[in-house]
Amino acid sequence: MAFSVKNISISLGRREILVDESVGFADGSKVGLIGRNGVGKTTFLKAILGQVDYNGKIEFNGKAAYFSQQVDLDLDKTGWQIIGESAPIHNQNKPEKKLHEIEQFLSRPDIHQDNNKVTKLMERYVELQAEIAKHQTLPRVNKIKSALQTLGVKESWLDQNVGSLSTGQRAIIALVQILSSDADFLLLDEPTNHLDFKRLSILEKHLRVFKGTVLMVTHDRHFLDSVCDTILKIENGKWIKYNGNYSAYVKTRESTFNAQKTAYMLEKKYIAIQKDKIARLGKSPQKVKQGHYREKLLEKRGILEKPDLDKSKFKTSFEASPIQSVVVLELDDLSVGYEKPLISHIDFNIGLDQRIILIGENGLGKSTLFKTIEGRVPKISGEVILDPQAKLGYIDQELKDLTLNVTLYDEIYPLFKDHAKTRQQLSMLGFITDADVFKQISKLSMGEKSRLNLLKILIKKPNLLLLDEPTNYLDIDACEIIENAFLNYNGAILAISHDRYFIEKIAQRVLQVSDGIIKEIDKKTI
């Protein structure tokens, strides 16, 4: 077993993440770890690395490398400097150390008196040498070149300080670090966030042929289908393991739920019938005794829990401020960039009720265009013409507009100055209990932060939404709930996305950035 967990329990404060759970995966497994935002997916990955306390035992063979959903690189270093530093490797069973221990044993004369023991030590010595050699077959410099070529990294990115790169470019450089490492156990936390279609396809192919084991958290349903052979669901402090990809999981989960629901209804009906019979037995001592006996039989059956699909329970809708114009935003021969244009001669209108998705490779200026429309980055030339009644809501993919050292309540209350309205609005995005509402924002999962950030913008009732990768970090249930809310939104949407499910469901038009210009393409060609 390449990876095994035995009787693990993890708690964060008073909240239990996992309770006495065990699971194992064979070498080479590709496992998708799913569950609602905040159930502890990232916490579990950190426990594997020894960064979170737990009870129980976690064991894995080989070397583990971790890709964090919060791409945290030194912004003052160049791309070359970053990839020159090997990704941190976590190794529970260091073969070099064991090799040295065997050498120490073999140097003792008394050991050679037992031929059987010497033979076993020599066999283990050869095994460990082979294990070390397996990781040394390709020098790291060659691995770096291979990873750079595989992910299509341009040399111009690597010459720049990381701080001047786009979020997507930084994510790609972090992936180069991981893929060029000696790791044969990859822990990937939202690796698909920020990646364009080209890199998503490359990463899918790489992970499918990767000989080691992969445990990954992602909301990308297409990616889970393409890569995974196993789905591990965290719900209610327990694991449920499903064989197959995400689509197979959905079918199995649905059929299991229907069977559980039927069993629950039959049990409920049986108990009701038995209780009715007990009630009609009569008052004689013999009948009362018989009634007590039947009640004890019912108690011994235990209580069958009502089945639950463990879906996010919140419902939400987004309201737009009224506007008289048909056209909300007009871009007239606009050029955007910094010292030189990234995208030039941009000409298109966004009409009320239109939903437009902008796609293109990382680093071509999509986010810069949004920041220019919103006013954070000055335009190079041309015009951004907003209707006088337009109210713009901008969702930044890096979630920089949240105040981390306050509670959710403190963040939203100033927008209403009303306790009831604050609680009601928070509940619309799934923050219902006091424990949810009065939690410090810094302690939220990235998915929970994403939902809160969305709420903070939508409270102002914008009629034009600029959404930069809006499904990043959200769990699959939350994605579907928010997608449906966008479908019923009566304002205009311009979104950057590489989430294929989201685009298929939301887009009325698709625009592509390529070669410094924007052109409209057929959604079916994506």
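This is a working chat about a predicted model of a protein and some of its local features.

Q: What does the secondary structure of the protein come to?
A: The secondary structure of this predicted model comes to 18 helices and 19 strands, and the C-alpha trace spans about 90 × 85 × 45 Å along its principal axes.

Q: And what share of the residues counts as buried?
A: Of the 526 residues, 50% count as buried, while the protein exposes about 26,200 Å², with carbon and sulfur atoms supplying 50% of that area.

Q: Among contacts between residues at least 6 apart in sequence, how many join residues at least 24 apart?
A: In the protein, 72% of those contacts join residues that are at least 24 apart in sequence.

Q: Let's turn to sheets. What's the order of the open sheet of six strands?
A: The order is S15-S16-S17-S13-S18-S19, and the pairing is mixed. Strand S15 (392-395) and strand S19 (517-521) are at the edges with a single partner strand each, so one side of each has no neighbour in the sheet. From one strand to the next, the twist averages 20°.

Q: How many bridges join S13 to S17, and do they run parallel or antiparallel?
A: Strand S13 (residues 355-360) and strand S17 (residues 492-496) run parallel and are joined by four bridges; Ile356, for instance, has Leu494 in S17 as its bridge partner.

Q: Which strands does H16 lie across?
A: H16 lies across S15 and strand S16 (464-468), and the helix runs at about 170° to S15.

Q: What else packs against H16?
A: The buried residues of H13 do, and they also pack against helix H14 (419-428) and helix H15 (434-437), with H16 itself covering residues 446-458.

Q: Which residues of H13 are buried?
A: In helix H13 (residues 408-416), the buried ones are Leu408, Tyr409, Glu411 and Ile412. Their arc around the axis is only 160°, which puts them on the same side of H13. As a general point, an α-helix has 3.6 residues a turn, so residues three or four places apart point the same way.

Q: What phi does Lys417 take?
A: Lys417, which comes just after H13, takes a positive phi of about 55°.

Q: Where else is there a positive phi near 55°?
A: Asn236 takes one in the hairpin of S9 and S10, which has two residues between its strands. Strand S9 (residues 230-235) and strand S10 (residues 238-243) pair over six bridges in the antiparallel sense, and one of the pairs of bridge partners is Ile231 with Tyr242 in S10.

Q: Changing topic, where is Asp196 found, and is it buried or exposed?
A: Asp196 is found in the loop between strand S7 (185-189) and helix H8 (197-209), and it counts as buried because its relative accessibility is 1%, against a cut-off of under 20%.

Q: Which backbone nitrogens lie 3.2 Å or 2.8 Å from a polar atom of its side chain?
A: The backbone nitrogen of Lys198 lies 3.2 Å from a polar atom of the Asp196 side chain, and for the backbone nitrogen of Arg199 the distance is 2.8 Å. Leaving aside residues up to four places away in sequence, Asp196 touches Gly360, Glu361, Asn362 and His498.

Q: Last one: what's the order of the open sheet of three strands?
A: The order is S2-S1-S4, with antiparallel pairing, and seven bridges join strand S1 (residues 3-12) to S2. Helix H1 (residues 41-48) packs on this sheet, touching S1, S2 and S4, and its direction makes about 120° with that of S1.

Terms used
Residues numbered from 1 in each chain as written. Predicted model: local features only at pLDDT ≥ 70, side-chain atom pairs only at ≥ 80, totals over all residues. Heavy atoms only, no water. Buried < 20%, exposed > 50% of the residue type's maximum accessible area, 1.4 Å probe, protein only. Arc of directions from axis to C-beta. Contact = heavy atoms within 4.5 Å. Pairing = 2+ DSSP bridges. Axes fitted to C-alpha atoms, helices over the stretch in contact; angles between N-to-C directions. Polar contact = N/O pair within 3.5 Å; in protein donor to acceptor, adjacent residues only side chain to side chain. Areas by Shrake-Rupley, 256 points an atom, 1.4 Å probe, with all protein chains shown as cover.
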